[in-house]
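Hi there,

Here is the structure I promised to pass on.

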Amino acid sequence: MLGSRLSSTITTGRCLLAATSHAEVTGSIQKRQMGRRQPKQGKPPILPPSKKVLYHVVHAAWQKPEDVEELLWRRHAYNNAVVSLREVFRAEIAQNASHGQGIEAMKEAEALEFDELILENQKRNEAKRAARESRESEATKETKRVILDEIHVELEKRNLEKKAAEEEVKRAIERSSGFVDRENLEKKILEALEKPTIYDFAIDRAGNKYFVPQPVKYQEGTPTRQKGRLYDQTLGTQMGMMEEAAGGEKRHLEQ
């Protein structure tokens with residue numbers, strides 16, 4: 001008896017220890033999974049839901065008995081009028097059907113009217129199409145005219161440029177008669193040596209130009225030893241050729 005009690009007590013303690021360790025392990029796993037911050041608690045489930053969550057009941061105000069009787073009478077009168085109108089319409093439809101003006105006749109008339117409207121619409125579309133084609137043809141003609149005018153102006157401009165280029169080529173050909181080539185090279189060299197062209201000149205305040213004297217073909221006298229200043233000259237009124245200002249004539253100056 002005592003032994004069975006001790007064994008049951010030991011078994012119960014072991015179960016409690018195992019449950020406690022399992023709860024601790026589960027609590028640590030849940031804490032790790034939830035994170036460091038606990039979520040905020042909502043409304044406790046024991047509290048009832050708020051009124052706006054359920055529904056809103058509209059309670060109509062009570063009316064006076066005489067008003068209720070009047071409205072009820074008006075409702076019955078309206079229903080009787082609607083029933084009477086339906087009977088009148090049924091009788092009218094039956095009468096029209098007996099005279100060939102029933103629903104089928106109305107449908108045929110509507111179909112005929114629809115066909116007439118379709119034909120009228122087609123005529124209107126044809127008229128608009130013809131007007132549109134005429135407008136497009138006029139616009140096309142105007143566009144062609146403008147393009148042809150631009151082409152004509154461009155051709156005239158190119159013809160003028162061509163004529164100017166031809167004149168320039170002719171003048172260049174005329175000038176080329178005095179150009180230096182292999183055939184007249186020796187002749188041009190001799191002419192340059194015999195008649196050199198001078199481009200250096202000095203000018204005074206009055207506008208008179210004093211040109212460098214023409215160089216001699218053969219050096220006369222004792223040559224200078226200072227080769228670097230062989231061609232240094234001071235232009236003035238003592239030597240060379242002078243050209244007076246305002247289109248005056250040229251005259252030679254002797255030293």
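Below is what I found, going from the whole chain down to single side chains.

A word on the basis: this is a predicted model, where local features need pLDDT of at least 70, side-chain atom pairs count only at pLDDT 80 or more, and totals for chains, interfaces and linings use all residues. Residues are numbered from 1 along each chain as its sequence is written, and side-chain values use heavy atoms, with hydrogens and water left out.

The protein chain has 5 helices and 4 strands, in the order α-α-α-α-α-β-β-β-β along the sequence. Helices (H or I, at least four residues) and strands (E, at least two) are DSSP runs, numbered from the N terminus. Of its 255 residues, 4% count as buried; buried means under 20% relative accessible area, exposed over 50%, and partly exposed in between (1.4 Å probe, protein chains only). The accessible surface comes to about 24700 Å², with 57% of it belonging to carbon and sulfur atoms (Shrake-Rupley method, 1.4 Å probe; for residues, only the protein chains shown count as cover).

The unreviewed UniProt entry annotates residues 148–175 as a "coiled-coil region". UniProt positions follow the numbering used here, feature names are shortened, and such annotations may be inferred rather than shown by experiment. In the model, that stretch is 100% helix and 0% strand, with its end C-alpha atoms 40 Å apart.

Now the charges. With a salt bridge taken as a side-chain nitrogen of Lys or Arg within 4 Å of a carboxyl oxygen of Asp or Glu, the count comes to 9.

- In helix α3 (residues 65–98), R74 and E70 sit 4 residues apart, about one turn, and their side chains meet at 3.2 Å, N to O. R74 is exposed at 53%, whereas E70 is partly exposed at 38%.
- In helix α4 (residues 103–175), E133 and R129 are also 4 residues apart, about one turn, and their closest N and O atoms are 2.7 Å apart. E126 joins R129 and E133 in a network of salt bridges.
- R175 and E168 form a salt bridge at 3.8 Å, N to O. R175 is partly exposed, at 46%, and E168 is partly exposed too, at 38%.

Finally, L190 lies in helix α5 (residues 185–194) and counts as exposed because its relative accessibility is 53%.
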